[in-house]
Amino acid sequence: MTAPTIPRGSHSPSQPTGHKGPGRRRGWLLHLGLLGGLILVVTPFVWMILGSFKTTAELRRVPPTWLPEQITLSNYQDLFERLDFGRYFFNSALVATAVTVGNLVFCSMLGYALAKLRFPGRRPLFLLVLTTLMVPGLVTFMPLFVLVANMGLVNTHAGLALPFVAQAFGVFLMRQFIIGIPDDLLDAARIDGAGEHYIFWRIVIPLTGPALATLAILMFLGSWNNFLWPLVVATTEDMYTLPVAIALFSTGQHETNLGLLMAGSAAALVPVLVVFVALQRFFTQGIAMTGIK
Amino acid sequence: MRPGRAREGLVGWSFALPFVVFFTVFMAGPILAALVTSFTDLRVTDIRSPFSVDIVGVDNYVAVLQDPIFHRAAVNTAIFVLVGIPLTMVLGLLTAVGLNSAIVKFRTLFRVGYYMPVVTSIAAVAVVWRMVLGAEIGLVNGILSVFGITGPGWLTSSSLALGSLIVMAAWRNMGFLMIIFLAGLQTIPRDLYEAAEVDGSSRWQQFRHVTLPLLRPTMLFAAVITGIGYLQFFEEPFVMTQGGPLNSTLSVAYHAYNQFSFGNYGYTAAASYVLFLAIALLTVFWFRLFRPQT
């Protein structure tokens, strides 16, 4: 755990505080408060990661231990030897990639049309898409399941991914961003004889980087962590995604193996953390762009 | 219509079509199908022979509203929303204001740390929190036992379970609101604070009279998003308590899901439309509450 840093001479030029003493004390308190909150928030994760290196016997001990007395990697070995962890990982990655690519393409195309093109039905279409943002997932859950069952897609990758490849939120995000691109830029290209598809792919898309990054993060994480739908649609073990595998093994025959569960949960966290840490700067930008101001 | 406009219309729809096709099949269609179903007696056994299904008018809605289990679930959901939304919003706002201060070091570390619960799958969250809140080998009770206190069963007591899940939901969602509030705070011009400072107003006065009023649109956005999510309260009880003990953590969405798994599709559809109505009403309420001040 990192110690709180005392901001030495806490007056950066942008901080026009007049008094030296109170300013420094404020910095102290602020860091202390933030650190306290951070410890509360991440303790469960630290607990989980430490636990994944403990033996089952140690995990069952009362009172619980903090640091593993005897570090073991057997939980991680078991993930691949006793469970088909690689397969769940592959399923999660494939579905999340399909969902992300689908939304990037479909939402940016419709976002462009709604923001910059005139066509009959444009307003009602936008209103319809916005309204569905409020509809609880449960409303569509049952009809979707019946639909996917009748299409013969239960227990397939297509059945896991298709219902999520065109999401309303993405359209909203892309439209809000593309509206900000100056019309003059597009008109100039039109005068030069460029078609709308050329303009979209060669001018608009290169300018929407941060919005596309935000959408990609949200869609990838959403799909990677999606729980209820794959729990119902994936019926055999070879179609399980990571959350389904973790949930089922935590209530089924593997109940007693806490170490295995903690190792699986920790390993499932790695890709999302990598994606988030790499792209988190775009994230605040992208959220700010959805027009909350 | 001039030929130019007709062509423009065609081009517009050529961009819209791919999304619209998927959206119609997998979103708009199912929404309509659920509405129709809510007025029928459709059950899982009728799926293959849809013509045996009868229209029963508003019977399903009457059944939902008279169901004592639904009442219990509605009360639980209301408590979760009424306590959970203010709690999560205050935590998110506090963290964002703290992190937005110019003197904070290790910003990325804090941001990633606070955001971790948001990017973690509920399945993994459940594994960890069961360990944290467990009655015997749990972390919280382990710490309490150091002080000689025997901690209660946080998830097995019908008076504590809902409260535990509210804390867990706040923990899980405050990072998202933090990001939203950070984005909102960055739109407030710095010179407003400098002007307030010149006028001799205290930190608290600045927060009260500059930050809060200018953050109203962001608060509206945060409240709407959190309200939509929290009224659908489902995953926490599903993985942690299965709605128990004694239905003390059963939510409306969970109750409707149970009816789905029993095959009562008409009832499920009606219950989920009641939930939709509640979400729409809450959203209208937020728009009233955070109406721009004149």
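Mentor: We shall go from the chain contact to annotated spans and then to single residues. This is a predicted model, in which local features need pLDDT of at least 70 and side-chain atom pairs count only at pLDDT 80 or more, while totals for chains, interfaces and linings use all residues. Residues are numbered from 1 along each chain as its sequence is written, chains are lettered from A and ligands numbered from 1 in the order in which they are written, and side-chain values use heavy atoms, with hydrogens and water left out.

Trainee: What area is buried between chain A and chain B?

Mentor: Buried area is the accessible area (1.4 Å probe) that two parts lose on being put together, summed over both. Here the value is about 8,700 Å², and carbon and sulfur atoms give 79% of that area. Helices are DSSP runs of H or I with at least four residues, strands are runs of E with at least two, and both are numbered from the N terminus.

Trainee: How many salt bridges join chain A and chain B?

Mentor: A salt bridge is a side-chain nitrogen of Lys or Arg within 4 Å of a carboxyl oxygen of Asp or Glu. Between chain A and chain B the count is zero.

Trainee: Which residues of chain B does UniProt annotate as "transmembrane region"?

Mentor: UniProt positions are given in the numbering used here, feature names are shortened, and annotations may be inferred rather than shown by experiment. The unreviewed entry lists several spans of chain B, including 78-100 and 214-233. Residues 78-100 of chain B are 100% helix, with end C-alpha atoms 32 Å apart. For residues 214-233 of chain B, the helix share is 85% and the end C-alpha atoms lie 30 Å apart.

Trainee: Is N75(A) buried or exposed?

Mentor: Buried means under 20% relative accessible area, exposed over 50%, and partly exposed in between (1.4 Å probe, protein chains only). N75(A) counts as buried because its relative accessibility is 4%. This residue lies in helix α3 (residues 74-81) of chain A.

Trainee: Where is A73(B) found?

Mentor: A73(B) belongs to helix α3 (residues 68-100) of chain B. A73(B) is buried, with a relative accessible area of 0%. Leaving aside neighbours within four places in sequence, A73(B) is in contact with L250(B), S251(B), V252(B) and H255(B).

Notes. Contact means heavy atoms within 4.5 Å.
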